[in-house]
Structure formats: C-alpha cells, structure tokens
Amino acid sequence: MKKKKTVRFKESVGIDIGSHSVKVVHLKKLHEGFKLLNYEIRPTVAHGIEYLPSDLRPDRFAPVVVEIMKTLHINPKKVKHLVTSIGGDNTSIKQIKTIFLPDEELESALFFEAKKHIPISGTDMVLDYQVLSVEEKTNNMNILLAATTKEVLNDHTNILHTAGLSPNIVDIDSLAITNSFALNSFAEDGVFVLLNLGAHRTNLIIWGPNSKLFARDIPYGGYHFTRDIMRKRQMEWEQAEKYKFEWGLTDDPSSAQNKSISMLDISEKPTEDVIVEEIRRSLRFYVKEAGNSDFRKVYLMGGSAKLVGLVEYIQDKVNVPTEIYMPFINIEMPEKFHDKKDPQLSLAIGLAMRME
Ligand SMILES: Nc1ncnc2c1ncn2[C@@H]1O[C@H](COP(=O)(O)OP(=O)(O)OP(=O)(O)O)[C@@H](O)[C@H]1O
Ligand SMILES: [Mg+2]
C-alpha cells in the first residue's frame, strides 16, 4: 500500500506495531545490502500488567513508539524511509491469475476482481497490487492483490501521526514477512512455511521462490499459550506467564502437578494443536491450489517462536523440518549485536529492508 512516491534514502526505519510489543529496526543502506544500526523491542503493557487482546486502544501505542525513537536517537523529522504494516481481520492478500490487461485497464479491472477474492466490502476497500509475472505461453498475468479497509489504514496512520511520524509505505504483515524471508534466505527452490507467532495472532504464509504465495491469519498466539498454562496447571496469570517463559510447552520437572495435567487437558484443545491443525489444513489446500508439495522447511518467527518446545512439537506433528528463523543473514551486524539475534524482529526487518 504505497502512500507517497518512492524517495532515495540512506537509512531506513521499520516499525512493527504489535498488540503486545512495538518493534523498531533502524538500518543503514550500504552499496549492497544493509547494516544494522540499532533496534528496540518494547512491550505496550507495563511489566506485571496482564496483556488482554481485547484492549487495543490506539492511545496505548503512540507513547511507546515515541519512547523507542528517543532511545534509538532517531529524529522522526529526519526519517526519509519509514515503513510500517497492518494485519489482522480486515487485511487480506491473495495471488490471482488474470488474462493480460494493459496498464490503463488493469486497476479498475482488478478492483472488481478483488471483490470476488477478498472478503472486504467494495466501497470501503483500499487496494494495491503488484504484477508478479506474465506467462509467456498464455499471456496470463500473475498478480498479487493486497487489500484493507479505510478504517484500518486510518487507525494505523493515526497512531503514527500521534507519534510525529509519517510512513512512506504501509505494507501488509504477511507480505513483509515474506519479504524478510526472501531477502534473508538463500532459497532458490522448494516451498517454505513461515509462521509469525505473535501475541494474539499468527500470520501463516506458504511461499516458494517459484511457487504461489498463500497467506492467512490464525487467531492464536502467545496469549493463548499463557491461558493454556493457567488452565492446565491451575496458575494465576503472573505465575503462568513466568512458567511460559521458562518452560513453555514442557513440564517443569520439579512441579508436583505434572501428573494431573492429562486429566484436565481433554476438555479444550491446546493452542499448539490448533496451530498444527491450521498448518496441516493450509498445506493440503496449498497442494491443491498451487500443485506443489515440495515443502522444505517450517520457519518460526515472532515473539512466541521462542516458546520452549514449540519447534520440536511442530516438526513432529507436521513432519517437515522446523526451526526458528533468524532474520539477519543479509544484514551486516556490528559486534555488539552478535549474540542478540531475535526472531521477534523478523517483521520489522522485512519492513526496513523494503526498497519501494
Ligand atoms: N522467550 C519467550 N518465550 C515464550 N513466549 C515469548 C517469549 N518472548 C516473547 N514471548 C511472547 O511473544 C508474544 C509477543 O510477540 P510479538 O512481539 O511477536 O507479538 P505482537 O506482534 O505484539 O502480537 P500480535 O502480532 O499478535 O499483535 C507475547 O505473547 C510474549 O509473551
Ligand atoms: Mg505481530
């Protein structure tokens, strides 16, 4: 979703405003590639206060963005290339195929086409598109559609304006994740599953350098893992949150409650099972839609990718090699950051690396 025309820039800032944490990545553009100048991850809820996904008041976010910019010594007025993104219920991306259309007809044709594919009402829709390729034999066009509503876009830009910022580009979460992966991996073949596990949702993307893009959001994340622990281990929120960070999906060997867990467990499906089921379902759909089942790897990113035991659990159930994604491959890293690679930054990095 472009807002302004492209500008030349020496430094770029990617801001990922998550419901739980704001992530900012500051990069310097080199002759080839980028160098990490600095980054910051800061929660939007004060320490010790319970995170509730229903509390998404926009005034919760701007002060956090302002604080981060101060800490990173970034002057909002001097930022030439600022990229942010939106996601969730009223955003959608879809790769479609159409007959060849000249530029002047494409936009209006795609608007009608988008209404068929994207579940957002026409009058309220903001649409952007990218021609990915034109097939030689058939002349058909492969097009990536990205859509949201005016309201979602306005709410988002309002947060940034309140923080004194004005984005050059507003991307869609799953596209920025794909971009982050495409620019930081050496994948030439095969299909990859990217899971950006946040606090109240997970972006699921299936993509290959030579294969179709599929993306959807699953309404589960770190919040639900904490809830599971509260329920299964009969803990209050604070204790459960602590348990989550230390033990994740595994059993604390010193806990006496381990034995009673399986009995309490049957009433509701644990979050990791729901996520695995959604991955499996999406893979089956992808095979049918894209005719490609060359799944090479599942990559976990986002804050909840760090949940102890999740990599092993997903690998075991989905039966595709799984690992945590470290989005720093094509970024020069000063020494002081070497041991600070964090999958929670994947989206913000994808945003900061976006060229236009
Ligand atoms: N080491 C860790 N182990 C387990 N969970 C973690 C860890 N670190 C962070 N988390 C969880 O990750 C989540 C925050 O991740 P992230 O910043 O990606 O979410 P977000 O972008 O704010 O959320 P959303 O995209 O859903 O709005 C929280 O639920 C937090 O408890
Ligand atoms: Mg997020």
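Student: Let me start with a detail: which residue is the bridge partner of L195 in β12?
Tutor: That's L300. Keep in mind that this is a predicted model. The two strands involved, β9 and β12, pair in the parallel sense, with six bridges between them.

Student: OK, and what sheet do those strands belong to? What's the strand order?
Tutor: The order is β11-β10-β9-β12-β13, an open sheet of five strands with mixed pairing. At the edges sit β11 (211–218) and β13 (322–324), each pairing on one side only. From one strand to the next, the twist averages 15°.

Student: How many bridges hold β12 and β13 together?
Tutor: Three, and that pairing is in the parallel sense; β12 covers residues 295–301.

Student: Which strands does helix α8 lie across?
Tutor: Helix α8, residues 271–290, lies across β9 (191–197), β10 (202–208), β11 and β12. Its direction is at about 150° to β11. Then there's helix α9, residues 310–318, which packs on the sheet and touches β12 and β13. The angle between α9 and β13 is about 160°.

Student: Switching to the other sheet. What's the order there?
Tutor: That one is β8-β4-β1-β2-β3-β14, six strands in an open sheet, again with mixed pairing. Its edge strands are β8 (169–172) and β14 (331–332).

Student: How do β4 and β8 pair, parallel or antiparallel?
Tutor: Parallel, over four bridges. In that pair, V83 stands opposite I169 in β8.

Student: And which helices lie across these strands?
Tutor: I can give you two. α1 lies across β1 (11–17), β2 (21–29) and β3, at about 140° to β3. α4 lies across β4 and β8, and runs at about 90° to β8.

Student: Let's zoom out. How is the chain split into domains?
Tutor: The domain assignment gives domain 1 as 1–89 + 150–184 + 327–356, and domain 2 as 185–325. Taken over C-alpha atoms, their centres are 24 Å apart.

Student: How many residues does each domain put into the contact?
Tutor: Domain 1 puts in 23 residues and domain 2 puts in 27. On the domain 1 side, α4 (173–183) and α10 (346–352) each supply at least two residues. α4 gives the most to that side, with six residues.

Student: Now the ligand. Which residues come closest to ligand 1?
Tutor: G18, H20, G198, G222 and G303 are the closest, out of 20 residues that surround ligand 1. By class, that shell has four nonpolar, 13 polar and three charged residues.

Student: Where does that shell come from in the fold?
Tutor: Both domain 1 and domain 2 put at least three residues each into the shell. Two helices, α5 (222–232) and α6 (237–247), each supply at least two residues of the shell.

Student: I was also checking backbone angles. What is the phi of H73?
Tutor: It's positive, about 55°, although H73 is not a glycine. H73 lies in the loop between α1 (62–71) and β4 (81–86).

Student: Last one: S54. Buried or exposed?
Tutor: Exposed, with 6 C-beta neighbours inside 10 Å. S54 is in the loop between β3 (34–43) and α1. The C-alpha atoms of S54 and S19 are separated by 9.6 Å, and those two residues are 35 residues apart along the chain.

How values were computed: Residues numbered from 1 in each chain as written. Chains lettered and ligands numbered in written order. Predicted model: local features only at pLDDT ≥ 70, side-chain atom pairs only at ≥ 80, totals over all residues. Domains from an automatic or database assignment. Contact = placed C-beta atoms within 7 Å. Pairing = 2+ DSSP bridges. Axes fitted to C-alpha atoms, helices over the stretch in contact; angles between N-to-C directions. Near = placed C-beta within 6 Å. Nonpolar A, V, L, I, M, F, W, Y, C, P; charged D, E, K, R; others polar. Buried ≥ 20, exposed ≤ 12 C-beta atoms within 10 Å, placed from the backbone.
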